[in-house]
Amino acid sequence: MIYGTNEKLLHDLGTTVDDIVTELKGTRRKFDSIVVRGVSGLLVGPPVALALGKHLLIVRKPDEGSHDHTAVINGKCGAKRALFLDDFRCSGATESACHKALGTVNSKIVHCYLYGGHFDDGWQRPRPRRLA
């Protein structure tokens, strides 16, 4: 099922990616990788990471069927400081799962950018990692 901002995202994917790249290129925030999870992250994460020359870390959901059971795809790339890229934040569960998964590959979320249009400025302070 596609909800509000995701529907707009699908129709305007090129514009969405261009807007994100423009915003991230113009920042002084330091990060060496982009971390995404879920379908919307997989739509925008690869072209954004490619345009910025950053590593892309993909965190799998536990129920995703795959031959490879690692939690973080591309986790051995040496990335240490990740930007969490997502369309919106509701409960913080996605970000928390990414924090936990990145800890297994000695990386951490240092910035959070939400592109779903719920905020005037997409930059949000990363939430602290929840201890499970």
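Mentor: F84 lies in strand β4, where strands (E, at least two residues) and helices (H or I, at least four) are DSSP runs, numbered from the N terminus. This is a predicted model, in which local features need pLDDT of at least 70 and side-chain atom pairs count only at pLDDT 80 or more, while totals for chains, interfaces and linings use all residues. Residues are numbered from 1 along each chain as its sequence is written, and side-chain values use heavy atoms, with hydrogens and water left out.

Trainee: Why does F84 count as buried?

Mentor: Buried means under 20% relative accessible area, exposed means over 50%, and partly exposed lies in between, with a 1.4 Å probe and protein chains only. F84 has 2% relative accessibility, so F84 counts as buried. L83, which is also found in strand β4, has 0% relative accessibility and therefore counts as buried. The strand β4 itself is mostly covered, since 5 of its 6 residues are buried.

Trainee: Which residues is F84 in contact with, leaving aside its neighbours within four places in sequence?

Mentor: Contact means heavy atoms within 4.5 Å, and by that test F84 touches V35, T94, E95, C98, I109, H111, C112 and Y113.

Trainee: Which other strand pairs with β4?

Mentor: β1 pairs with β4 in the parallel sense over 3 bridges, and F84 is the bridge partner of V35 there. V35 also stands opposite L57 in β2, and β1 is joined to β2 by 4 bridges, again in a parallel run. β2 then pairs with β3 in the antiparallel sense over 2 bridges, where I58 stands opposite I73 in β3.

Trainee: Why is β2 described as largely enclosed by the rest of the structure?

Mentor: The description follows from a count, because 4 of the 5 residues of β2 are buried.

Trainee: What makes a β-α-β unit right-handed, and which elements make such units here?

Mentor: A crossover is right-handed if, with the strands pointing away from the viewer, the path from the first strand over the helix to the second runs clockwise. One such unit is made by β4, α4 and β5, and another by β1, α3 and β2. In helix α4 (residues 93-103), the buried residues are E95, S96, C98, H99, A101 and L102, and what covers them includes β1, β2, β3, β4 and β5.

Trainee: Why is a set of residues called a nonpolar core?

Mentor: The name requires buried Ala, Val, Leu, Ile, Met, Phe, Trp, Tyr and Cys residues joined through side-chain atoms within 4.5 Å. The largest core here has 18 residues, of which I20, L24, I34, V48 and L85 touch the most other members. The elements giving two or more residues to this core are α2 (13-25), β1, α3 (38-52), β2, β4 and β5. Another core, of 13 residues, lies apart from it, and L57, A101, I109 and L114 are among its members.

Trainee: Is N106 buried or exposed?

Mentor: N106 has a relative accessible area of 57%, so N106 is exposed. N106 is found in the loop between α4 and β5, and has a positive phi of about 55 degrees although it is not a glycine.

Trainee: How do you know that the charged end of K54 sits over the ring of F31?

Mentor: The rule asks for NZ of Lys or CZ of Arg within 6 Å of the ring centre and within 35 degrees of the ring normal. The charged end of K54 is 4.7 Å from the centre of the F31 ring and is counted as sitting over it.

Methods:
Pairing = 2+ DSSP bridges.
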